[in-house]
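Here are some friendly notes to read beside the model. Please keep the picture open while you go through the points.

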Amino acid sequence: MKKFIPVVLLIINVSLKAQGSFQLFPSELNVQPFTANILEAKLGFLFHTSNNELRLDIGNSVDLIRWGSGDEKFSVGADLFTYTLLRSESDFHFPVDAVDYLFGLNASWKVRQGFDSYGFRFRLSHISAHFVDGHFDWETNDWRDGKKPRVYSREFVELIPFYQIKSWRVYAGFTYLFHVDPEYIGKDIYQFGFDYFYDGFFKTNLYPFIAYDIRLQHVEKYTATHNLMAGLKFGKSNGRGVSLYVNYFSGNNFHGEYFDKRENYFSIGFNLDL
């Protein structure tokens with residue numbers, strides 16, 4: 001707990017500075033999700049192009065309260081979402097293989113300076129992972145591929161500072177797992193990424209975008225996980241809309257039951273940005 005005291009003091013200090021208007025349940029997030037970050041609330045599908053798997057995301061992140069003055073805003077919110085692994089089979093069947101749950105609280109601080117901005121997002125979250133009935137092979141009366149359910153859960157704090165210059169946003173984050181099962185998983189995660197939404201090409205609400213995220217985590221040894229996205233978003237570049245994109249992933253599987261499985265693949269995604 002002593003390790004978290006400096007972060008708490010920083011948040012309190014920022015909140016005391018951000019005096020002014022108070023807003024309950026604002027319609028937009030103070031800090032928008034980091035586009036290529038795997039652990040973000042989404043509402044959509046991701047279809048793998050090399051196999052019959054797909055990912056279903058259901059959930060949301062919301063700001064509960066926001067206060068500040070002028071171009072400086074502070075907010076406190078909540079995250080609650082799932083990311084689910086499904087298989088595509090004949091007759092429009094999609095057995096659910098695995099599901100991961102994330103819930104927690106977040107706090108963010110953002111300062112605007114003309115067309116630029118900077119700040120951070122802090123999260124305190126819990127993740128648990130589970131195999132579902134679609135992972136069981138009823139013909140052989142055994143778990144698929146011999147992979148039996150195992151306990152996977154983690155509680156963590158995450159801090160991601162960012163800086164945005166017009167349409168470019170870069171960030172670097174650190175995550176500390178203060179409880180994790182299995183215990184041999186490393187407790188530190190290092191992260192870097194960017195996203196860019198091109199404004200002005202179509203003179204409409206259609207924004208081409210590109211985003212990249214790299215995570216370095218210790219699972220037996222330090223390994224990198226890459227996630228690259230490119231696509232189009234219709235709506236607001238920094239808010240609500242609909243996104244269609246191509247995704248390339250390379251690294252450890254982000255589903256907890258497969259956390260030590262290395263893979264790489266392309267996929268096509270569709271998301272409702274709420």
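**Notes on salt bridges, spaces and surface**

1. R121 and E40 are both buried (under 20% relative accessible area; exposed is over 50% and partly exposed is in between, with a 1.4 Å probe and protein chains only). Their side chains meet in a salt bridge, 3.0 Å from N to O (a side-chain nitrogen of Lys or Arg within 4 Å of a carboxyl oxygen of Asp or Glu). R121 lies in strand 6 and E40 in the loop between strand 1 (21-24) and strand 2, so the pair ties together parts 81 residues apart in sequence. Strands here are DSSP runs of E, at least two residues, numbered from the N terminus.

2. A word on the source: this is a predicted model, where local features need pLDDT of at least 70 and side-chain atom pairs count only at pLDDT 80 or more, while totals for chains, interfaces and linings use all residues. Residues are numbered from 1 along each chain as its sequence is written, and side-chain values use heavy atoms, with hydrogens and water left out.

3. The count comes to 10 salt bridges. E40, R121, R123 and E158 are linked in a network of them. In another pair, D195 and R169 have their closest N and O atoms 2.7 Å apart. D195 is buried at 3% relative accessibility, and R169 is buried at 6%.

4. R150 and D260 also form a salt bridge, at 2.8 Å from N to O. R150 lies in the loop between strand 8 (142-143) and strand 9, and D260 in the loop between strand 14 and strand 15, so this pair ties together parts 110 residues apart in sequence. R150 is partly exposed at 30%, and D260 is partly exposed at 39%.

5. Where is empty space left? Rolling a probe the size of a water molecule over the atoms shows this. The structure holds four cavities of 30 Å³ or more. On a 1 Å grid over the protein atoms alone, a cavity is a set of points where a 1.4 Å probe fits but cannot get out, and lining residues have an atom within 4 Å of a point. The largest cavity has about 280 Å³ of space, the volume being that filled by probe spheres set on the points, which are joined across faces, edges and corners.

6. Which residues lie nearest the centre of the largest cavity? They are R154, Q217, N252, N253 and F254, out of 20 lining residues. Strand 12 gives the largest share of this lining, three residues.

Definitions and conventions:
On a 1 Å grid over the protein atoms alone, a cavity is a set of points where a 1.4 Å probe fits but cannot get out, and a pocket is an open set with protein on both sides within 12 Å along at least five of seven lines; lining residues have an atom within 4 Å of a point. Helices (H or I, at least four residues) and strands (E, at least two) are DSSP runs, numbered from the N terminus.
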